[in-house]
Amino acid sequence: MLLSWDWLKDFVDVKCNDVKKFCEAMTMSGSKVESFEELGQEIQNVVVGKIIEIKKHPDAEKLVICTVDIGAKESLKIVTGATNVFESAMVPVACHNARLPGGVKIKKTRLRGVQSEGMLCSLKELGLQLCDFPYAQEDGILILKEDVHVGEDILTALKLKDVVVDFEITSNRPDCLSILGLAREAAATYNIALEEPMFNVKQFENNKEKLEVKEVCEGLCKRYMLHKISDVQVSYSPLWLRARLKAVGIRPVNNIVDITNYVMIELGQPMHAFDADKVEGAICVRKAHVGEELVTLDGVLRELDDSMLVIADEKKVLAIAGVMGGLESEITAGTKNVIFESAVFDGTSVRQTAKKLGLRSESSARFEKGLLIYNCPNAIARACELIEKLDIADPIGATIDIVNVQEKPNEIELDCDEINNLLGTTLTIEEIANYLKWLGFEMLEDTVRAPIFRTDIECVADLAEEVARLFGYNNIPSVPLPGGDIAKPNDFENFKNELASLAVAHGFYETVTYSMVSPKHFEKLLLEEADPLRNCVEIKNPLGEDKSIMRTTTIPSMLETLNKNMSQKNERVCLFDIGCAYKKKEFKDENGKRVVDERPMFTLGAYDIEGRNIDFFVFKGAIEGILDKIGIRNYTFEAVSNLSFMHPGRTAKIKIDELELGFIGQLHPTVAKNYELCKNVLVVELDIKTMFELAETKKVYKPLPKYPAVLRDLALVCDKNTPVAFIESIIKQELKNNLEELELFDIYEGVQVPLGKKSVAFNLKLRSTEKTLDDEYIDKLIIAVLKNLESYDIILR
Amino acid sequence: MRDIIEKIKNMAKKEISEASNIKVLEELRVKYLGKKGEITQKLKELSAVSAELKPMLGKLLNDVKRDIEELLTFQMETVRNLALKEELERERIDVTIPGKRCMIGARHPLNATTNEIVRIFSSMGFSVVAGPEIEWEKYNFDMLNIPKNHPARDESDTFFISDELALRTQTSSVQARYMETHKPPIRIISPGRVYRIDEIDATHSPMFHQIEGLIVERGINMGHLKHTLDAFARAFYGEDTKTRFRPHHFQFTEPSAEMDMSCFNCGGAGCRVCKNEGWIELLGCGMVHPKVLEMCGIDSNEYTGFAFGMGLDRAAMQKFAINNLKLFFENDVRFLKQF
């Protein structure tokens with residue numbers, strides 16, 4: 001909301017010359033200032049001059065020499081090429097050393113041998129547009145028709161000097177979307193008197209012209225007022241009015257339209273003006289019919305639908321209620337009779353219509369916030385006042401006023417203790433009452449009555465805020481919190497953090513990726529039609545296909561991230577991510593049927609373009625290290641070849657008994673190609689909740705061994721397809737507690753072993769908790785192991 | 001005999017002091033002091049010496065024996081030191097050759113920031129709770145006093161899954177959820193992902209992060225709110241940080257405020273970062289609206305509280321002087337390695 005300082009002074013005399021201080025004061029009392037601008041700063045040393053004499057330039061046919069009286073002792077000789085100058089014309093004169101918008105400097109200069117002591121200015125040179133001075137000739141010197149005096153500073157003469165402050169108005173204060181509303185806030189901030197406008201409604205009484213409203217959609221129109229004015233003289237508005245509109249960012253059009261805009265900005269009540277002679281029959285406020293169309297004021301043909309509220313006559317649609325008028329019934333130079341409209345339409349309806357049409361206006365922005373009906377007659381009255389003041393017509397005319405709702409000011413019990421308790425203050429009842437009075441509240445016996453326009457005041461907490469903002473938030477004493485319980489540890493969140501720390505310790509960098517992905521990933525991951533991962537939660541109103549579903553696996557996010565890194569030529573990348581996969585699953589929670597199970601996933605991904613430093617086993621080692629440290633024991637890796645996006649021979653499920661934690665493996669080469677990745681891409685996806693449930697985080701000390709350990713090597717030959725894990729399980733099973741560590745140190749296939757066989761070699765560390773193991777005993781154990789292995793065709797090498 | 005002893009002594013001294021390795025010295029010990037060593041021999045011969053010479057020769061022999069022992073020890077030490085010195089010299093390396101690094105990763109700056117903020121509030125007794133990202137409208141809006149046709153509920157701002165389920169637009173949803181099932185005293189914080197319909201650019205993203213705080217106890221007032229959040233700002237941005245509270249509006253708090261902090265770039269003097277204001281908007285806060293308390297089944301006459309919410313992405317951007325939000329979600333490892 002833009003506030004003109006000049007306009008503000010109609011209502012309140014803020015004795016503050018420092019705009020910055022004013023902005024600060026307003027911000028701290030609750031009207032946040034976004035920025036402010038001092039208009040006219042760019043123009044210096046430009047005055048009003050009167051052309052006394054025009055002579056031909058001796059050496060240039062297209063130039064003339066003007067003698068210009070600028071109210072100084074000596075008049076100026078100014079050379080110009082403009083053709084619209086004439087003797088006695090009042091013109092803007094940029095004197096020697098003048099400054100103009102755009103950083104232009106004017107100096108005395110010689111033009112074709114003749115000294116020119118300044119410059120006569122055009123609209124453009126003063127940074128103005130034709131709409132600001134509609135009578136001006138766009139490419140000529142600005143010939144002033146205003147009531148100006150010779151020698152007067154152009155900034156004052158053309159009302160170019162003002163300060164414009166931009167306020168951020170919160171949604172609870174639509175009343176502040178007006179000069180009057182902000183003036184009220186300024187008055188309260190400085191505790192000074194407000195010049196409340198008086199609205200004279202005498203002109204409503206006479207019904208000399210016929211005006212008919214047939215139907216008003218009750219649900220979407222709270223009040224509908226029309227007022228007809230006859231025999232108007234449409235022209236441009238006076239300078240002061242144009243200047244104010246320009247300052248607050250509204251383009252002057254003509255006196256009638258300008259009045260509607262002026263009233264809207266001043267009082268916050270949008271108005272519309274129809275050309276009465278274009279209205280055929282009775283007016284109604286109704287929903288549009290499907291297929292109806294309207295060319296709006298901006299010349300665009302709008303297709304309407306039956307959710308939109310329109311103003312129509314018996315033949316056609318005249319305007320889209322609260323949004324924009326129609327071109328056909330607009331006020332033009334030829335308009336003779338005018339109908340002013342001042343109404344309150346349903347805010348939500350206006351908002352939705354404006355959004356559908358992509359047509360937000362100053363008017364719709366105000367309707368959206370929810371207007372009050374008390375202001376409708378005020379707006380008509382103010383418009384009539386201006387009609388009279390601007391001498392446009394006799395404001396007396398027919399009025400129609402249809403009221404569909406009742407409004408009354410809110411009354412709240414004044415509980416000073418509660419206010420003080422909420423704020424942590426010790427204000428007296430008088431102080432509290434004073435602050436409220438500054439804001440226009442009325443003190444009743446035990447209650448306070450809020451001003452009619454303060455519908456946001458509903459309870460004591462609301463009063464507390466009013467008091468606090470005038471008392472000053474920063475004057476409220478700061479108090480440390482009273483002692484409380486210690487923060488309860490959140491085990492699951494801690495677990496996730498611990499996982500992250502371990503991944504970091506293993507050289508992985510954490511990523512944060514979008515939860516929404518493209519359904520195209522399903523194809524890229526080679527998922528079959530029936531794959532459960534395709535069963536996803538869809539967003540009803542996505543930004544685009546790109547982010548239209550909730551991911552059912554974190555793998556595509558990881559692959560995209562890896563792809564981005566590869567396209568940046570990062571050679572070797574190890575990443576991890578802790579974020580959810582969103583599984584579609586119907587289940588009931590306490591509030592009804594839910595459809596999504598949010599599963600936090602621990603995802604790792606890595607590639608190495610050269611393929612030297614990262615392979616399946618480096619990756620597996622990292623996961624094993626992490627699982628061990630996080631307290632997950634007895635997990636197994638089970639080869640799987642049914643994950644469509646994974647290498648069928650290089651992927652394993654990680655399981656504890658029959659429970660699946662997730663999988664690890666190398667990406668399927670086709671999928672790698674689909675994501676424009678190199679071949680050597682490794683990924684892991686583990687379900688964190690399952691991990692959390694299975695992790696043994698409690699640590700109990702085991703006594704250090706008393707007896708020495710014995711080391712043995714075991715080199716075995718077996719079928720080349722025998723899994724190492726199988727051999728390990730037999731060794732473990734046989735040696736039981738005597739086996740402290742079992743470590744694979746070599747696998748060999750080649751000439752030294754028969755074809756189709758491989759050699760597998762282990763280091764065994766044996767130790768007993770009860771005695772020192774002697775060789776004889778160990779030999780016996782080993783023989784038992786070998787015997788067991790032999791039954792599976794695994795023999796000592 | 002005396003001369004012989006002297007001779008042995010001189011010979012020993014000479015040989016020992018010329019010896020340059022441990023092995024030679026050991027041999028010399030045997031030669032002179034061993035069972036059949038020269039001094040040992042002479043000591044044995046003492047029994048044949050006359051009684052008057054015995055004490056003198058005995059003393060002399062013992063002195064010589066002691067001298068040789070001392071000399072041997074000394075020389076051994078010298079030789080060892082020399083050998084050690086040589087060894088150390090041999091082992092000299094170029095310490096300016098780069099070290100062999102152990103690979104270590106890093107947390108994402110956003111999560112590092114979140115953790116730091118969580119730590120600060122934890123120290124003030126706030127427990128971490130989490131809530132779902134796909135949320136009932138009831139918790140995201142209704143119970144936060146955001147009525148059905150409030151603009152904040154518009155389809156153009158919120159991603160909807162179904163008529164009643166949406167991607168939460170604020171972590172404030174956790175407030176309602178928690179209060180509904182827990183009785184005061186309540187002190188919680190809840191960081192997490194939130195979603196709003198916004199195209200991705202340098203300062204916007206359809207997914208971003210917030211942290212919500214809530215305290216509901218007997219006797220909590222705005223003074224507590226101010227102190228807590230001011231203490232947080234000083235802990236997070238530095239002890240010199242100043243804060244100010246401005247009136248604002250949120251549906252679920254009353255009175256409501258926004259907290260600004262003195263610009264971290266210019267310290268409040270005014271610069272490009274703070275648009276010459278000297279202040280930077282940091283978070284929204286306020287006293288929990290009595291309607292919200294009542295909707296959650298908490299007696300607003302008995303309990304009061306305050307709530308706050310701040311954007312984590314912006315906090316992290318400020319913390320690390322990151323000028324583009326996109327960097328967080330691109331996860332270029334050259335970016336991630338900086339934290």
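Trainee: How much space lies in the largest cavity?

Mentor: A cavity is a spot where a probe fits but cannot get out. In this predicted model, the largest cavity holds about 150 Å³ of space.

Trainee: Which residues lie nearest its centre?

Mentor: Gly30(A), Thr170(A), Asn172(A), Arg173(A) and Arg469(A) do, out of 17 residues that line the largest cavity. Helix H12 (460-471) of chain A and strand E6 (243-250) of chain B each give at least two residues to that lining. Sorted by kind, the lining has seven charged, seven polar and three nonpolar residues.

Trainee: Now the interface. How many residues of chain B are in contact with chain A?

Mentor: Contact is about heavy atoms lying within 4.5 Å. Here 87 residues of chain B touch 89 residues of chain A. Together the two chains bury about 7300 Å², with 53% of that on carbon and sulfur atoms.

Trainee: And how many salt bridges are there between chain B and chain A?

Mentor: Four. In one salt bridge, the side chain of Glu458(A) meets that of Lys291(B), at 3.1 Å from N to O. On chain B, the side touching chain A has 38 nonpolar, 26 polar and 23 charged residues.

Conventions: Residues are numbered from 1 along each chain as its sequence is written. Chains are lettered from A and ligands numbered from 1 in the order in which they are written. This is a predicted model: local features need pLDDT of at least 70, side-chain atom pairs count only at pLDDT 80 or more; totals for chains, interfaces and linings use all residues. Side-chain values use heavy atoms; hydrogens and water are left out. Buried area is the accessible area (1.4 Å probe) that two parts lose on being put together, summed over both. Ala, Val, Leu, Ile, Met, Phe, Trp, Tyr, Cys and Pro count as nonpolar, Asp, Glu, Lys and Arg as charged, and the others, Gly among them, as polar. On a 1 Å grid over the protein atoms alone, a cavity is a set of points where a 1.4 Å probe fits but cannot get out, and a pocket is an open set with protein on both sides within 12 Å along at least five of seven lines; lining residues have an atom within 4 Å of a point. Grid points are joined across faces, edges and corners, and a volume is the space filled by probe spheres set on the points. Helices (H or I, at least four residues) and strands (E, at least two) are DSSP runs, numbered from the N terminus.
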